[in-house]
Amino acid sequence: MFLYAYAKVVPTLDRELLGAVGLNLNQLEVLMWLRRAGERGLRMSDLASRVVLSPSGVTRAVDQLERNGLVERSVFEGDKRGYLAILTAEGRAALPGATSVLVEGLREHLLTHMSRTELEHLVTALEAVLDGEGSPLPPLTPS
């Protein structure tokens, strides 16, 4: 049931985002993590540990975002082999509209189908799964 619900809701959210703001859900997730990281950005390896993408998927998403001027990459000063992904001013400006589309989509396709109590139980259950897997939501640490 979980996979079926996921397979129904996520592609719908993805289509809505693409149609409204030209970003897919993966790209928006990358932008949101970079916004949380602030002006210092995130190392690509740290970004890959946070998003729901493979390392090559993260690279593709950042490549696309960089081509659109929403993200820039620079060499990580502490390790010349690594790269930082940094949100640009254009990327910051794109976030409010994209986030609004996502929130409206979540409201329509997820939240309206559950009571407040059911949502609280869902959050508790998902936190228990992440904790049980040893993967609580990773904190942001300075790069």
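Arginine 73 and aspartate 63 form a salt bridge in which the closest N and O atoms are 2.2 Å apart, a salt bridge being a side-chain nitrogen of Lys or Arg within 4 Å of a carboxyl oxygen of Asp or Glu. Because arginine 73 lies in strand β2 (residues 71-75) and aspartate 63 in helix α4 (residues 55-67), the pair ties together parts that are 10 residues apart in sequence; helices (H or I, at least four residues) and strands (E, at least two) are DSSP runs, numbered from the N terminus. The model is predicted, so that local features need pLDDT of at least 70 and side-chain atom pairs count only at pLDDT 80 or more, whereas totals for chains, interfaces and linings use all residues. Residues are numbered from 1 along each chain as its sequence is written, and side-chain values use heavy atoms, with hydrogens and water left out.

A search of the whole structure finds four salt bridges. In general, side chains of opposite charge can pair when their charged atoms come close. Arginine 73 also meets the side chain of glutamate 66 in a salt bridge (2.9 Å, N to O). Arginine 73 is partly exposed at 24% relative accessibility, and so are aspartate 63, at 27%, and glutamate 66, at 30%; here buried means under 20% relative accessible area, exposed over 50%, and partly exposed in between (1.4 Å probe, protein chains only).

A further salt bridge joins glutamate 104 to arginine 107, with the closest N and O atoms 3.0 Å apart. The two residues are separated by about one helical turn, because they are three residues apart in helix α5. Salt bridges that share partners, by contrast, join Asp63, Glu66 and Arg73 into one network.

Helix α5 (residues 89-109) has 21 residues and should span 30 Å at 1.5 Å a residue, which agrees with the 31 Å between its end C-alpha atoms; the expected span is 1.5 Å times one less than the number of residues. The helix bends by about 30° at leucine 95, and proline 96 follows within four residues, the bend being the angle between axes fitted to the seven residues ending there and the seven starting there. Among the buried residues of α5 are Leu95, Ala98 and Leu102, and what covers the buried residues includes α1 (2-21), α2 (25-37) and β3 (83-87).

Threonine 88, in the loop between β3 and α5, is buried, with a relative accessible area of 11%. Its side chain reaches the backbone oxygen of leucine 70 at 3.0 Å.

Notes. Contact = heavy atoms within 4.5 Å. Polar contact = N/O pair within 3.5 Å; in protein donor to acceptor, adjacent residues only side chain to side chain.
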